[in-house]
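Please open the model in your viewer and keep the sequence beside it, so that each stop on this tour can be selected in turn.

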Amino acid sequence: MKPRFLLLFSMVLLIQSQTWSQRGVIRRQVEKDVERKLEEKYSDDRQKGEKAVDERLDRMDELDAEFRAGVKPFPTLSYKMSVEYPEKPKNNTEMYFAFKQFDCAMRMEAKPDSKEETRIITNFKSGKAVTLTTDRKGRKTGMEMDMKIMTGMARGSANKENELIEEGKVEIKVTDEYKTINGYKCRKYIYEHPQYTAFMWVTNDRLPVNARDFSFAMANAMNGSKGAPNTACYQKLKGGVCIQTHIIPKQSRMEETIMTYTDFSNSAPESMFTTAGYEIQQMPSMRDMWNNYKEESR
């Protein structure tokens with residue numbers, strides 16, 4: 001290649017690269033201008049949207065604070081819940097519940113000869129829950145999270161169920177059928193719900209724990225209802241205790257389930273409530289995540 005041609009070729013490449021560079025600068029500037037104009041155009045809508053979310057979170061905090069203020073301490077007790085799936089027996093499991101002060105602890109039964117364990121400790125006064133996991137190698141980790149939304153949804157569901165019973169839209173029928181479950185004479189009640197039918201086996205025999213205390217603790221563990229003994233369902237059972245529930249679904253997305261309560265005790269093992277030896281991380285609350293989003297988007 002001749003020197004003159006080589007020089008000319010180099011100049012063309014230089015000019016071309018400068019042109020591409022200038023085009024890139026111009027394109028980025030145009031993009032920034034478009035973003036800025038869109039930001040200005042929709043700034044009012046964005047501010048309104050952020051304000052709406054802030055107000056929604058404020059209201060959620062307010063309602064949760066009202067609920068927490070009325071939460072009463074649990075009676076000290078514990079029990080076991082066996083869960084059976086007739087169509088999928090491999091999924092059968094056992095869960096242990098313990099109550100003390102404002103804490104409800106739940107432990108999933110580990111497989112035989114396994115180090116694996118999962119426990120969840122929920123403090124109903126603070127609205128915080130910590131999930132503790134021990135893996136097959138014995139490593140212990142935990143995650144603490146805010147339960148405001150979860151307990152709020154559970155309370156809403158429980159309140160809706162209660163309203164359906166009070167309004168007569170859900171019927172609880174008492175029958176003259178009896179059977180003995182783990183030594184307790186039980187009477188069959190039929191709970192007809194639009195989504196399922198539940199056979200509730202209720203005993204009036206004396207339990208190792210106070211019947212009202214057990215109903216209060218169980219309802220809180222399942223749905224966070226602080227006034228469980230005063231609900232329409234409890235009144236329909238005439239002070240008896242449901243120690244087995246057999247759910248027959250009316251919808252395909254539900255599974256047939258049998259829940260049986262045993263091992264009642266007026267004590268609560270301290271091992272259910274300890275977090276010693278676990279490396280616990282904090283999961284950001286919805287408020288934290290929302291504030292982070294606002295900061296990053298500005």
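Which residue in β3 is the bridge partner of Met 95? Keep in mind as you look that this is a predicted model, and then select Met 95 together with Met 108, since Met 108 is the bridge partner in β3. Widening the selection to residues 93–101 and 103–108 shows strands β2 and β3, which run antiparallel and are joined by 6 bridges.

Next, colour the whole sheet. It is an open sheet of 12 strands with mixed pairing, and its order reads β7-β8-β9-β10-β11-β1-β2-β3-β4-β5-β6-β12. The strands at the edges are β7 (171–181) and β12 (279–282), and each has a single partner strand, so one side of each is left without a neighbour in the sheet. If you look across the sheet, neighbouring strands are turned against each other by 20° on average, with direction ignored.

Now show the aromatic side chains, among which the count comes to 10 aromatic pairs. Begin with Tyr 79 and Phe 214, whose rings form an edge-to-face pair with 5.0 Å from centre to centre and 80° between the planes. Because Tyr 79 lies in strand β1 (residues 74–84) and Phe 214 in helix α4 (residues 211–223), this pair ties together parts that are 135 residues apart in sequence. Tyr 79 and Phe 214 are both buried.

The charged end of Lys 100 sits over the ring of Phe 273, at 4.6 Å from its centre, while the charged end of Lys 185 sits over the ring of Tyr 178, at 4.9 Å from its centre.

For the last stop, go to His 193, in the loop between β8 (184–192) and β9 (196–203). Is His 193 buried or exposed? Its relative accessibility is 6%, so His 193 counts as buried. A polar atom of the His 193 side chain lies 3.0 Å from the backbone nitrogen of Gln 195.

How values were computed: Residues are numbered from 1 along each chain as its sequence is written. This is a predicted model: local features need pLDDT of at least 70, side-chain atom pairs count only at pLDDT 80 or more; totals for chains, interfaces and linings use all residues. Side-chain values use heavy atoms; hydrogens and water are left out. Rings of Phe, Tyr and Trp (its six-membered ring) pair if their centres lie within 6.5 Å; planes under 30 degrees apart count as stacked, over 60 as edge-to-face and the rest as tilted. Helices (H or I, at least four residues) and strands (E, at least two) are DSSP runs, numbered from the N terminus. Buried means under 20% relative accessible area, exposed over 50%, partly exposed in between (1.4 Å probe, protein chains only). A charge sits over a ring if NZ of Lys or CZ of Arg is within 6 Å of the ring centre and within 35 degrees of the ring normal. Two strands pair if DSSP finds at least two bridges between them. Axes are lines fitted to C-alpha atoms, for helices over the stretch in contact, and angles run from 0 to 180 degrees between N-to-C directions. A polar contact is a pair of N or O atoms within 3.5 Å; within protein, one must be able to donate a hydrogen and the other to accept it, and residues adjacent in sequence count only if both atoms are side-chain atoms.
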